[in-house]
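Please load the model in your viewer and keep the sequence panel open beside it, so that each selection can be followed in both places.

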Amino acid sequence: MTSRQSDARTLIKAGRRTFVAGLAYAAALSGFITLLQLTVPIFMLQVHDRVINSRSYDTLAMLALLAGFGLILYGILEYIRALTFQAMAGTLVRRLNLPTLEAALTASVEGGAVKATQVLRDLSDLRGFLTSSAVMAPLEGMWCPIFLAVLFALHPYYGLLAVVSAGILVALGLLSDMFTRRLTKEANQAHIENISRISANLRYSEAIEAMGMLPNLARRWRTSQVHAADLSNMANGRGRGMHAVTRVLRLTMQIGALSLGASLVIEGDASPGSMIGATIIMSRLLAPFDSLTDNWRSWIAASSAWQRVRELLETYHAHRDTFPTPPSEGPLEVDNLIFIAQGRDLAVIKNISFRVEPGTILGVVGPSAAGKSTLARLMVGAAKPTSGGIYLDGHNVYLWERGSFGEMVGYLPQSVSLLDGTIRENIARMGEPDPRAVIEAARMAGVHEMIGRLPLGYDTPVGDGRFTLSGGQKQRIALARALYGRPRFLVLDEPNANLDAEGEAALMRAMRAMRDDGAIVVVIAHRPAIMECADKLLVLQDGRISQFGDRTSVVATLTPSRKPKLSTAGGAA
Ligand SMILES: Nc1ncnc2c1ncn2[C@@H]1O[C@H](COP(=O)(O)OP(=O)(O)OP(=O)(O)O)[C@@H](O)[C@H]1O
């Protein structure tokens, strides 16, 4: 068992414990609530059998007082039970929120974005379920024997009728479940996949719009939607049918109870009061069975949601250090690093090792699909090495506590996306912005003046889906975000892809300033000009290091016959 799994299991166990403890407490409360539900039938029984016969107002007043007290207590306990579930839902979601979000992030990095979105939805559905009436239904059902005991005490026939009726309703519930369970599950799954697929596609709305792909997408979506709707309709149809049968039977049973009571009264075997009381108790007893199937379905849906949360946590819960580590002042060491992507056989990074001292700019070049971006992701701990490791001052970057690691690291990914917030918030990495540090980072990225020219300046809202900035502007703001707080370790993946000459010059100035400050700067680029400021060059080819050393000596060893293969390195020459 890996540590990642054991950590996730502790979390899952804690979640289950919270649920079971809350359920046990609520079950005990439900016992008292069930007893107090007898208030009205017992009151009616007493009024019929005592007050009407004795014509005593005193007795009526006393009974009304006792019943009032019982009902107030009932209301209070109901309220406490609802609060218990609310607290349980709150605790469960609070405990799982961050780990689930972290696991969802890891899943997204590893290509499981659709699954991740669904699970975040599942967590919120679980919260809804835990505060719904469906979760209470079995608790109420488990105290049914109290009602049964009272019915048997009133007359054995009432008890027998109740047992038979409850048995029939349970059998109907099971039958209904048997008819609908598989269909409901398939319909839910189809619906989830549908929504996830279309929301994933909507992120590429510009390409869809520009190339007129909507009709094709709509056709595909409609086909899968019709399939999901068919399954859902079939399951609902069967469920509703069974529900109608159950309801009719339940009402018939109540009529049966009243008829039985009437014949017992006629025979002199029971009092009229007991007839009224028994009918009410009978209806209370059978009421939960009415929505047995609906509640059952909610439980199934909740258990599937929990299953998905569990799976995500077990598969993607990243085991990292929880103690902050001080910023590194030491070298970057890559040690026998191998990376095999999930579900792939072939390694993307094939056993590479190198070392870079502080105060160095390392340029990484190589042909397309050589593994450069993967190496960048591994360096910043966004991907987990399959074996070997990457160390900063001797500490494993993947295991590093994320908060302290983030303070020390600047990363500009290949595909830049700004988060939903203002420019100021984005540069400050969505934390509390330090105005001086924000402006310093923006100046270093050469973007301060450009931001100043925007109508709302640093308060301009940006993020996916907002079209306020050009590609180059976004890239420079993302560069400022990477430079924020003068990180000791800077990884820039294609930072000049969208930059003009002025932007590129600012970028090189920033890289040199960081290097002179003692930082390690790793830069991946296809456009060669930027490699002029590199101290060392690493040529990556098919996941292996083909050259590594001082820029001048690496460039010198690149023979003309090899240059075309390494267009960027060749350019650097
Ligand atoms: N998570 C992953 N799952 C599957 N394949 C992956 C994953 N990460 C990387 N790869 C594969 O590894 C190879 C290298 O990808 P990478 O993005 O690192 O190349 P690159 O050198 O940065 O290329 P480019 O210069 O075109 O950006 C590609 O074939 C890619 O499909």
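The tour below moves through a predicted model, one selection at a time.

Begin with the spans that come from a record: under "transmembrane region", an unreviewed UniProt entry lists residues 20-40, 60-80 and 157-175. Select residues 60-80 and you will find a span that is 100% helix and 0% strand, with its end C-alpha atoms 30 Å apart. Then select residues 157-175, where the span is again 100% helix and 0% strand, and where the end C-alpha atoms lie 27 Å apart.

Next, display helix H6 (residues 144-154) together with helix H7 (residues 156-202). Two packed helices are described by the angle between their axes and the distance between the axes. For H6 and H7 that angle is about 145°, and the axes are 5 Å apart. To see the contact itself, show Leu 148, Leu 151, Phe 152 and Leu 154 on H6, and Pro 156, Tyr 158, Gly 159, Ala 162 and Val 163 on H7. By class, this contact of H6 with H7 holds 8 nonpolar residues, 1 polar residue and no charged ones.

Now go to the loop between helix H2 (39-54) and helix H3 (57-109), where Arg 55 lies. Although Arg 55 is a residue other than glycine, its phi has a positive value, near 55°. Is Arg 55 buried or exposed? Arg 55 counts as exposed because it has 8 C-beta neighbours inside 10 Å, and the cut-off for that class is 12 or fewer.

From S4, step into the loop between strand S4 (387-392) and strand S5 (395-396), which holds Asp 393. Asp 393 has a positive phi of about 50° although it is not a glycine, and with 17 other C-beta atoms within 10 Å it is partly exposed.

Finish at the ligand. Which residues are closest to it? They are Ala 341, Ser 368, Lys 372, Ser 373 and Thr 374, out of 14 residues that surround the ligand. Colouring this shell by class will show 4 nonpolar, 7 polar and 3 charged residues.

Definitions and conventions: Residues numbered from 1 in each chain as written. Predicted model: local features only at pLDDT ≥ 70, side-chain atom pairs only at ≥ 80, totals over all residues. Near = placed C-beta within 6 Å. Nonpolar A, V, L, I, M, F, W, Y, C, P; charged D, E, K, R; others polar. Helix = DSSP H or I, 4+ residues; strand = E, 2+ residues; numbered from the N terminus. Buried ≥ 20, exposed ≤ 12 C-beta atoms within 10 Å, placed from the backbone. UniProt positions renumbered as here; feature names shortened; annotations may be inferred. Axes fitted to C-alpha atoms, helices over the stretch in contact; angles between N-to-C directions. Contact = placed C-beta atoms within 7 Å.
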